[in-house]
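Welcome! Here is a short tour of one structure, residue by residue and pocket by pocket. Have the viewer open as you read along.

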Amino acid sequence: MEVIIRPDKEKATKLVAKIIAKAVREKPTLVLGLATGNTMEPLYAELAEIHKREKLDFSLCRTFNLDEYVGLKAGHRNSYRHYMNEHLFKYINIDIRNTHLPSGTARDLDRECEKYEQTIKECGGIDLQLLGIGRSGHIGFNEPLSAFFSRTRVKALTPTTIAQNSPLFDKPEDMPKRAITMGVGTILEAKRVITLVVGSSKAEILAKSVEGPVTSMVSASALQLHPKCVVITDEKASSNLQGRDYYRWIFENEPEWEEYR
Ligand code: GLP
């Protein structure tokens with residue numbers, strides 16, 4: 001795992017956007033894993049901007065989102081399908097038929113999860129998976145004790161996650177208590193992972209995820225096992241990291257980061 005610290009969340013976000021843009025240019029048929037949440041909103045705005053400004057071409061890309069709430073129709077304003085359409089898809093030239101999210105209203109949810117895994121496989125696997133980290137340490141909706149070999153499935157949400165996300169609902173009590181999520185095992189199979197974590201509210205969980213023991217109590221700690229994972233963060237979120245100086249040195253000195261400095 002590599003950790004890159006940028007001075008603020010704007011710079012961290014722009015760096016992630018640049019890495020994604022480069023990956024799309026290098027492989028126009030890129031299979032991109034996408035995340036939701038507040039952290040991703042400015043990132044998607046930046047990608048839309050790069051598409052407009054530099055004609056970044058998404059027409060052949062395929063996307064797979066990490067998760068979707070159980071019980072919310074695609075058109076519901078809090079569904080992740082709605083989030084993706086509103087924050088990214090409608091601003092770029094992606095073919096909407098190539099954008100995948102699990103359906104939270106499928107009659108047979110287990111079958112829906114199996115189909116999702118199958119579709120990822122048919123597309124050749126995920127080339128680049130974008131991730132955020134929730135306050136419970138989740139990636140996707142893999143709440144504590146998610147098996148590291150888990151696949152796409154239905155997961156019950158923790159009180160921490162419900163407290164974090166329910167204010168986004170008109171009536172907070174309407175937030176679903178379950179979600180379909182890619183498994184930790186599904187995520188670990190992505191060829192490359194980029195995790196964006198910003199803001200002081202994430203400092204504690206980031207330190208546990210990156211420098212703490214690998215444990216299913218903190219799903220994001222599984223990323224320490226991934227051979228090609230970079231965590232891009234800002235000064236605020238990185239304040240509890242013991243290796244801060246070393247991580248800063250990496251960005252300033254390692255040749256692979258030269259083009260981004
Ligand atoms: C949500 C999503 C995650 C996301 C996380 C962080 O619940 N399921 O994929 O990474 O929580 O969200 P935020 O960026 O709003 O802190």
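## Around Asn142

Leaving out residues within four places in sequence, Asn142 has contacts (heavy atoms within 4.5 Å) with Ser150, Arg153, Thr181, Met182, Gly183, Val184, Ile187 and Ser219. Please keep in mind that this is a predicted model, where local features need pLDDT of at least 70 and side-chain atom pairs count only at pLDDT 80 or more, while totals for chains, interfaces and linings use all residues. Residues are numbered from 1 along each chain as its sequence is written, and side-chain values use heavy atoms, with hydrogens and water left out.

You will find Asn142 in the loop between strand S6 (128-131) and strand S7 (153-156); helices (H or I, at least four residues) and strands (E, at least two) are DSSP runs numbered from the N terminus. Asn142 counts as buried because its relative accessibility is 0%, where buried means under 20% relative accessible area, exposed over 50%, and partly exposed in between (1.4 Å probe, protein chains only). Its side chain makes a polar contact with the side chain of Arg153 at 2.9 Å and also reaches the backbone oxygen of Met182 at 2.9 Å. A polar contact is a pair of N or O atoms within 3.5 Å; within protein, one must be able to donate a hydrogen and the other to accept it, and residues adjacent in sequence count only if both atoms are side-chain atoms.

## Ser209 in its helix

Now turn to helix H7 (residues 203-211), which holds Ser209. Ser209 is counted as buried because its relative accessibility is 1%. A polar atom of the Ser209 side chain lies 2.6 Å from the backbone oxygen of Ile205. Not counting residues up to four places away in sequence, Ser209 touches Ile133, Val218, Ala220, Ser221 and Gln224.

## The largest pocket

The largest pocket has a volume of about 790 Å³. Of its 37 lining residues, Thr36, Gly37, Asn38, Thr39 and Gln164 are the closest to the centre. Pockets are found on a 1 Å grid over the protein atoms alone, as open sets of points with protein on both sides within 12 Å along at least five of seven lines, for a 1.4 Å probe; lining residues have an atom within 4 Å of a point. The volume is the space filled by probe spheres set on the points, which are joined across faces, edges and corners.

At least two lining residues come from each of H1 (9-26), H2 (40-54), S4 (67-69), H3 (80-87) and H5 (159-165), and H3 gives the largest share, 5 residues. The lining divides into 13 nonpolar, 17 polar and 7 charged residues. Here Ala, Val, Leu, Ile, Met, Phe, Trp, Tyr, Cys and Pro count as nonpolar, Asp, Glu, Lys and Arg as charged, and the others, Gly among them, as polar.

## The second largest pocket

About 300 Å³ of space lies in the second largest pocket. Of the 14 residues lining this pocket, Ile19, Arg192, Lys228, Glu256 and Trp257 are the closest to its centre. H1 gives the most to this lining, with 4 residues, and the lining divides into 7 nonpolar, no polar and 7 charged residues.

## The ligand

For Asn165 the corresponding distance is 2.9 Å, and for Gln164 it is 3.2 Å.
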